Amino acid sequence: MYTQALDSPAAGADEASEERERLERFQARIDRDEKIEPKDWMPEAYRQTLIRQIAQHAHSEIVGMLPEGNWITRAPSLRRKAVLIAKVQDEGGHGMYLYSAAETLGVARGELIEQLLSGRAKYSSIFNYPTLTWADIGAIGWLVDGAAIMNQVPLCRCSYGPYARAMVRICKEESFHQRQGYELMLTLARGSEDQHAMAQDALNRWWWPSLMMFGPSDAHSVHTAQSMRWKIKRFTNDELRQKFIDVTVPQAEYLGLTVPDPDLHWNEASQHYRFGEINWSEFQAVLKGEGPCNRERLEARRAAHENGRWVREAAAAYAAKHQGPARAMKAGAGALS
Amino acid sequence: MSAAVEVGSAQVSLAERVEYLLRLADTSLIAGQRLAELLGHGPTLEEDLALGNISLDLIGQARLLLALAGRIEDNGRDEDALAFRRDAPQFRNMSLAEQPNEDFAATIVRQCLLDAWQLETYESLTGSREEALADIAHKALKECRYHWRFSAGWLVRLGDGTEESHARVSAALGALWRFTDELLTPDALDARMAVCGIGPAPSLIRERWDTRVSATLAEAKLPKPPHRHYPWHGKRGVHSEHLGHLLTEMQFLPRVYPGATW
C-alpha cells in the first residue's frame with residue numbers, strides 16, 4: 001500500500017505529512033511521559049533501537065551466567081554455594097523476561113539466540129573477562145552488578161512499557177545481588193591476609209572493565225542523543241559512570257581496598273571524584289572479540305545449544321505424537337526456541 | 001543431646017543416628033553438586049533454570065540434614081565441616097548420586113531413579129521418630145514431588161521422542177541401573193532404623209519405588225533392565241572413582257586455606 005501511494009506525487013506528499021504528524025504525536029506522548037505499549041504505533045527506528053538494546057541486555061544476562069557459573073561447584077561454603085546458584089538462576093530468569101519483552105516488538109526468541117550464537121549480536125563486554133579466584137564472585141556482585149544497577153534503574157522509567165516493567169523486577173534482584181557481592185568482599189577483606197590479597201587482586205582486575213560497562217564517552221556514543229529524546233535512555237554514559245565512581249570509591253575505602261587508579265582523587269569544587277583515563281583501546285578490542293574470554297563464552301553458548309539440539313527435537317517429537325496438531329506445533333516451537 | 005534414643009524396646013546409638021542422617025544428607029549434597037555443574041549449559045533456558053532449582057533444593061536439604069547430624073554428633077562439626085572436610089570414604093551418599101552428567105539423558109535417568117527413591121523415603125520419614133528429621137522430611141517431600149515430576153516427564157519425552165533420544169536414554173538406563181540395587185537393598189543400619197521407627201521399612205520403599213519407576217518406564221517405552229546384584233555401596237563408604245574428583249573440585253578452597261571463614 002505504501003509503495004502504491006508513492007506512485008502519485010500528491011498522495012506521496014500526503015503520506016509524508018501524515019507520517020510527520022504521526023511522528024509528532026508519538027514524540028508528544030513520549031514528552032508527556034506516557035508509556036508506549038506493544039500494539040501502539042511506533043517509528044520503525046524506535047522499534048529497532050529497543051530490539052537491539054533489549055536483546056543485548058538479554059544476551060548479557062545469559063552469557064553472564066558463565067563467569068559466575070564457573071565458581072558454583074567450588075564455592076567455599078554451602079551457604080555461598082546456594083546463594084550463587086540462586087543468583088545465576090536469577091540471571092537466567094532476567095534473560096527470559098527480557099527475551100519476552102523483545103518478543104512484544106515482533107522478534108522471536110529463536111531469532112535473537114541465533115544472532116547471539118552467530119556472533120552478530122553483542123552482549124556486555126564485561127563477561128569476556130575471566131573469573132580467576134573466588135573473590136571475583138564478590139567483585140562481580142559488587143562492581144558489575146553495581147554498575148548494572150546504575151545503568152538499569154533509569155530504565156524502569158523507560159518509555160517502552162514492557163521493558164520498563166521488566167526492569168522494575170530485575171533491578172530489585174540486582175540490588176540484592178549487589179549487596180550479597182559486597183558482603184562477600186567484606187568477608188574476604190576482613191579475613192586472613194591471603195583473603196584480603198585475593199579481594200584486592202579482584203578489585204585490580206575488575207575496576208577498569210566495570211567502568212567500561214557504561215560504554216564509550218558521550219563524545220563517541222552514537223546512540224545516546226536519539227535514545228534520550230525517546231526516553232529509552234535518561235542519562236548519558238559519562239553521567240552514569242561518574243555516579244558509579246562517586247558511590248563506589250567510598251565503598252572500596254570501607255573495605256580497606258585500594259582502587260587501582262593513581263589519578264583518582266576527590267575534587268572539592270565539582271563534588272565528584274576525578275579519575276584517570278580509561279584504556280579505550282582495550283574496550284574496543286574486547287568489543288571486537290579480542291578479549292580474554294570472548295571465544296570461550298560464545299563456544300560455551302554454542303555447545304549448550306548444539307548439545308541440547310537432540311533434547312529439543314525429542315520434546316517436539318513427543319509433543320507431536322501426543323497432542324493435537326495445533327498444540328504440538330506450539331509445543332515444538334517452544335522447545336526449539 | 002543424649003547419646004542414645006530409646007525407641008520402644010530398641011536402643012539406637014548416637015553414631016548410628018548420625019550415620020543414617022549422613023546417608024540422606026550426602027545423597028542430596030552430591031546430587032545437588034552434580035546438577036550445579038550444569039547451570040548455564042542446559043538444552044533450553046527453561047531446563048537450565050529447572051535443573052538449577054532442583055540443585056538448589058537438594059543443597060538446601062543437605063544443609064539442614066548435615067547441620068542436624070552435626071548437632072546430634074555434638075563434636076563441633078557444622079554443615080561446612082561435614083561437607084568440606086571429609087574424604088571420599090567418609091561420605092555416605094548413594095553411589096547413583098555421584099555418577100557424572102555424561103549427557104542430558106544420563107542426568108535425567110540419574111535424577112529420575114534417585115528422585116523416586118527420595119520421594120518415597122521422605123514421604124515415609126515424615127512419620128520418623130527422629131522429630132527434627134520428620135520436620136526436614138515434610139519440607140523435602142514437597143520439593144521431591146516437583147523433582148520427580150520434572151525428571152519423570154523428561155524420561156517419558158526422551159524415551160518416546162526421537163530415535164536418537166530413545167537410544168541415548170536406553171544407554172543411560174543400562175549404565176545406571178546397577179546402582180539402584182543400593183537404593184533398594186537394606187543393610188543392617190537401614191533395618192535397625194526401620195525397627196526403631198526412625199527410618200522407613202525397606203520393603204515398603206522397594207515396593208513403592210518399583211511401582212512408580214516401572215509405570216514411568218512403560219510410559220517412556222523403555223524396557224525395565226534386569227535386576228543386578230551390585231554390592232559396592234556408597235552408603236557404606238564404598239564409592240565409584242567419580243566421587244574423589246567431585247570432592248577435589250568442591251572442597252578445594254577450604255583445603256587450600258585451612259581455618260579461613262568465607
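This is a predicted model: local features need pLDDT of at least 70, side-chain atom pairs count only at pLDDT 80 or more; totals for chains, interfaces and linings use all residues.
The largest pocket has a volume of about 1,200 Å³. Its lining is made up of 48 residues, and those nearest the centre of the pocket are Gln56(A), Asn151(A), Met213(A), Phe214(A) and Gly215(A). Seen by secondary structure, the elements of chain A that each give two or more residues to this lining are α3 (44-69), α4 (78-103), α6 (135-152), α7 (161-189), α8 (193-212), α10 (237-255) and α11 (280-290). The most is given by α3(A), with eight residues. By class, the residues of the lining divide into 22 nonpolar, 15 polar and 11 charged.

Two of the helices that contribute to the lining, α3(A) and α6(A), also pack against each other, at an angle of about 170 degrees and with their axes 12 Å apart. Because angles over 145 degrees count as roughly antiparallel, α3(A) is roughly antiparallel to α6(A). On the α3(A) side the contact is made by His57(A), Pro67(A) and Glu68(A), and on the α6(A) side by Ile137(A), Ile140(A) and Gln152(A). The residues of this contact comprise three nonpolar, two polar and one charged.

Chain B provides another helix pair. Helix α5(B), residues 131-159, and helix α6(B), residues 163-176, pack at an angle of about 125 degrees, and their axes lie 7 Å apart. From α5(B), the residues Leu155(B), Arg157(B), Leu158(B) and Gly159(B) meet Ser165(B), His166(B) and Val169(B) of α6(B). Sorted by class, the contact of α5(B) with α6(B) has three nonpolar, three polar and one charged residues.

The backbone of chain B also deserves a look. Most residues other than glycine have a negative phi. Asp74(B), however, has a phi near 55 degrees, a positive value in a residue other than glycine. Asp74(B) is found in the loop between α2 (45-73) and α3 (79-84) of chain B. With a relative accessible area of 57%, Asp74(B) is exposed, because exposed means over 50%.

Lys221(B) likewise has a positive phi, near 60 degrees, and is a residue other than glycine. Its place is in the loop of chain B between α9 (202-219) and α10 (242-250). The relative accessibility of Lys221(B) is 52%, so this residue counts as exposed.

Note on methods
Residues are numbered from 1 along each chain as its sequence is written. Chains are lettered from A and ligands numbered from 1 in the order in which they are written. Side-chain values use heavy atoms; hydrogens and water are left out. On a 1 Å grid over the protein atoms alone, a cavity is a set of points where a 1.4 Å probe fits but cannot get out, and a pocket is an open set with protein on both sides within 12 Å along at least five of seven lines; lining residues have an atom within 4 Å of a point. Grid points are joined across faces, edges and corners, and a volume is the space filled by probe spheres set on the points. Helices (H or I, at least four residues) and strands (E, at least two) are DSSP runs, numbered from the N terminus. Ala, Val, Leu, Ile, Met, Phe, Trp, Tyr, Cys and Pro count as nonpolar, Asp, Glu, Lys and Arg as charged, and the others, Gly among them, as polar. Buried means under 20% relative accessible area, exposed over 50%, partly exposed in between (1.4 Å probe, protein chains only). Axes are lines fitted to C-alpha atoms, for helices over the stretch in contact, and angles run from 0 to 180 degrees between N-to-C directions. Contact means heavy atoms within 4.5 Å. Angles under 35 degrees count as roughly parallel, over 145 as roughly antiparallel, 65 to 115 as roughly perpendicular and the rest as oblique.
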